[in-house]
Number of protein chains: 2
Amino acid sequence: MDVAHAIADRRSSVDALMGLAAADMAAADTLIRARLDSPIALIPALAEHLIGAGGKRVRPLVTVAAARLVNGKGDGYLKLAAAVEFIHTATLLHDDVVDGSELRRGKVAAHLIWGGASSVLVGDFLFARAFELMVESGSLHALDILARASRVIAEGEVLQLTRAHDLNLNVDTYLEIVAAKTAELFAAAAEAGAVVCGASAKRSAALRDYGMSLGLAFQLTDDALDYGGTSEVLGKNAGDDFREGKATLPLILAIQRTGSAETAFWEKVIGRRDQDENDFRRARELILSSGALQATQNQAQAYAEKAKAALGIFPADDWRLALEALADFAVSRPA
Amino acid sequence: MDVAHAIADRRSSVDALMGLAAADMAAADTLIRARLDSPIALIPALAEHLIGAGGKRVRPLVTVAAARLVNGKGDGYLKLAAAVEFIHTATLLHDDVVDGSELRRGKVAAHLIWGGASSVLVGDFLFARAFELMVESGSLHALDILARASRVIAEGEVLQLTRAHDLNLNVDTYLEIVAAKTAELFAAAAEAGAVVCGASAKRSAALRDYGMSLGLAFQLTDDALDYGGTSEVLGKNAGDDFREGKATLPLILAIQRTGSAETAFWEKVIGRRDQDENDFRRARELILSSGALQATQNQAQAYAEKAKAALGIFPADDWRLALEALADFAVSRPA
């Protein structure tokens, strides 16, 4: 089977997951739209700009699938799925202000339309709404998991902020940032979905492990895709991390592997963010030729395998197969 | 009894409240300091800058006093008292970024030292920590009250942001902003303190009413003090609201009462924020001569009376008397 077919296959497995979860995801979406409403008109306008722009809704999907895998009933997990999406959206709003990003989900970033102050405050609104939804789920344990995740995310963001342009960032610190900033919410989304449905500690912990590895696989794949992956065709947002001077895994590994010969180049383009058109091209060549890109993809693949292995304690029903397909999709999606 | 004696009397009543609550407040303070810690060094440094600067700790004091008034035991209310202070601190951090304020509690605002991004993210950390503390209190009902309050505060902030420099802001909208932005947290602090101790719905609601009126009394008094109150001596931060072009009650009433004769002046100094040294003096004269300042103080006094009246269902023990003294203090404190 060639690569295009393999990708098509994995995508259709994710389509199968979306099919399985369609009714739940529609219900979660209805809840999301109902709860982003407010008598203060700016709030739904700004929130809708971002939430309505789509996004993959992967995190609420993980909550739904985890709940279903443990035979969850009721609507507690739907409240948590909506809460997870609100936490994610709030962090995106604050992130874009912090990073000064110009685009989000193919649209102009909210803070460039309504101002940074509005993005900060609507982010706060969405955080608070998330906790209101969690209270409605009735599970203090699920609330504990998501409150802790929110705190860990903030810690990861601050750690990244203080180290983002550090040329000497090591792999362990980078993975610590990704685990906190990105993977923690996947882990909490899966664990809370199980916990609210009364799953055993063993099953809840397995789903937490699944989510953590899935989140790492997603983020490292994103990092690789920003340098075009191994494909000849670059994705439309390729180079964003580079232009923002972000130290991601492909860059960190390339800096280590190219050694003193390229120190001056990395200092210029990342350290001082002094870049022209050709610099991204050159960085990409170094990242490819040093094997840094392949190493990043291998690491992402290893996390996808780890995610699937964590599901080993569950019977191989449709939901387990669908979650396994999601892990494969995480590392094989196109740019 | 002359005014100086009356003020001294009320302050000593508040001292009595602080004495009654001393052990609880020391325990809450220990909890606050323990929970602002994080392995990410920037977080405790920034949080400590603000929390260590003191502030009156009125909100956690209200939680403690409400819990004690309903004969609360255990340490659930102490967790909530710390959570309330964290929510308050988080909103201050975000507020100062939103308003571009330069000073807070007599110190340089955190965002001017560590940058706006750090203030936004440490605010997020404190919000999340607040919810972790609430989970530890074990009361889903108290959590609901404080999650809702956090959402209402964000709505109030957005409403203020969109209307702050509106010369036609009416009194009702202004009071709506103050109720959401400031008084809601006082109300929730009192209600949650009672609820976590298992108080009846009637007692919890009475304490909520107390907190709401107390918060309004505090804020309107702050508004009046910004124009120097009726005292001859101006407080050291007098004029801050005016310089930021904030429509507060004394200003709104003065604009209404001075009519078309002063429209051009208000348009210039508030609408366009085109101010020189003499403009604050003139605004203050108009606010005094039109009776706007006295009307603001009367309104604050009325809220203080309403707060005390809400406590009528409780036996007149030390805690009730202390909470009454706090309401008196709210409207009689010096600049």
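Is B:Lys246 buried, partly exposed or exposed, and how many other C-beta atoms lie within 10 Å? In this predicted model, B:Lys246 is partly exposed, with 17 other C-beta atoms within 10 Å. A residue with 20 or more such atoms would count as buried, and one with 12 or fewer as exposed. B:Lys246 sits in a loop of chain B, between helix H11 (240-243) and helix H12 (249-258). Along the sequence, 36 residues separate B:Lys246 from B:Tyr210. In space, their C-alpha atoms are 27 Å apart.

The overall form of one chain comes next. Chain A contains 16 helices and 2 strands. Its radius of gyration is 20 Å, close to the 20 Å that the globule rule gives for 335 residues, so chain A is as compact as a globular protein of that length. The C-alpha trace of chain A spans about 60 × 50 × 30 Å along its principal axes. Of the 335 residues of chain A, 53% count as buried. Contacts in chain A between residues at least 6 apart in sequence were also examined. Among these, 78% join residues at least 24 apart.

The relation between the two chains was then considered. Chain A is superposed on chain B by a rotation of 180 degrees, with 0.0 Å of shift along the axis. The RMSD of this superposition is 0.0 Å. The two copies are thus related as by a two-fold rotation axis. Of the residues of chain A, A:Leu140 comes closest to that axis, with its C-alpha at 3.3 Å. The same surface serves both copies, since 100% of the contact residues of chain A recur in chain B.

At the interface, 34 residues of chain A are in contact with 34 residues of chain B. By class, the side of chain A that touches chain B has 21 nonpolar, 5 polar and 8 charged residues.

Within chain A, one helix pair was examined. Helix H15 (residues 292-310) and helix H16 (residues 318-332) of chain A pack at an angle of about 175 degrees. Their axes are 9 Å apart. The angle is over 145 degrees, which makes H15(A) roughly antiparallel to H16(A). From H15(A), the contact draws on A:Ala300, A:Gln301, A:Ala304, A:Ala307 and A:Lys308. From H16(A), it draws on A:Glu324, A:Ala327, A:Asp328, A:Ala330 and A:Val331. By class, the residues of this contact are 6 nonpolar, 1 polar and 3 charged.

The corresponding pair in chain B was treated likewise. The axes of helix H15 (residues 292-310) and helix H16 (residues 318-332) of chain B come within 9 Å and cross at roughly 175 degrees. H15(B) and H16(B) are therefore roughly antiparallel to each other. H15(B) contributes B:Ala300, B:Gln301, B:Ala304, B:Ala307 and B:Lys308 to the contact. H16(B) contributes B:Glu324, B:Ala327, B:Asp328, B:Ala330 and B:Val331. The residues of the contact of H15(B) with H16(B) divide into 6 nonpolar, 1 polar and 3 charged.

Several loop residues complete the picture. A:Asn71 lies in the loop between helix H4 (58-69) and H5 of chain A. A:Asn71 is not a glycine, yet its phi is positive, at about 60 degrees. With 11 other C-beta atoms within 10 Å, A:Asn71 is exposed. In chain B, B:Arg273 has a positive phi of about 50 degrees, although B:Arg273 is not a glycine. B:Arg273 occupies the loop between helix H13 (263-271) and helix H14 (277-289) of chain B. B:Arg273 has 12 C-beta neighbours inside 10 Å and therefore counts as exposed.

B:Asp226 is found in the loop between helix H10 (201-225) and H11 of chain B. B:Asp226 is buried, with 25 other C-beta atoms within 10 Å. Leaving aside residues up to four places away in sequence, B:Asp226 touches B:Ala238, B:Gly239, B:Asp240, B:Asp241, B:Phe242 and B:Thr248. B:Asp226 and B:Ala292 are 66 residues apart along the chain, and 13 Å separates their C-alpha atoms.

Note on methods: Residues numbered from 1 in each chain as written. Chains lettered and ligands numbered in written order. Predicted model: local features only at pLDDT ≥ 70, side-chain atom pairs only at ≥ 80, totals over all residues. Least-squares fit on C-alpha atoms with pLDDT ≥ 70 in both. Contact = placed C-beta atoms within 7 Å. Nonpolar A, V, L, I, M, F, W, Y, C, P; charged D, E, K, R; others polar. Axes fitted to C-alpha atoms, helices over the stretch in contact; angles between N-to-C directions. Helix = DSSP H or I, 4+ residues; strand = E, 2+ residues; numbered from the N terminus. Parallel < 35°, antiparallel > 145°, perpendicular 65-115°, else oblique. Rg over C-alpha atoms; globule rule 2.2 N^0.38 Å.
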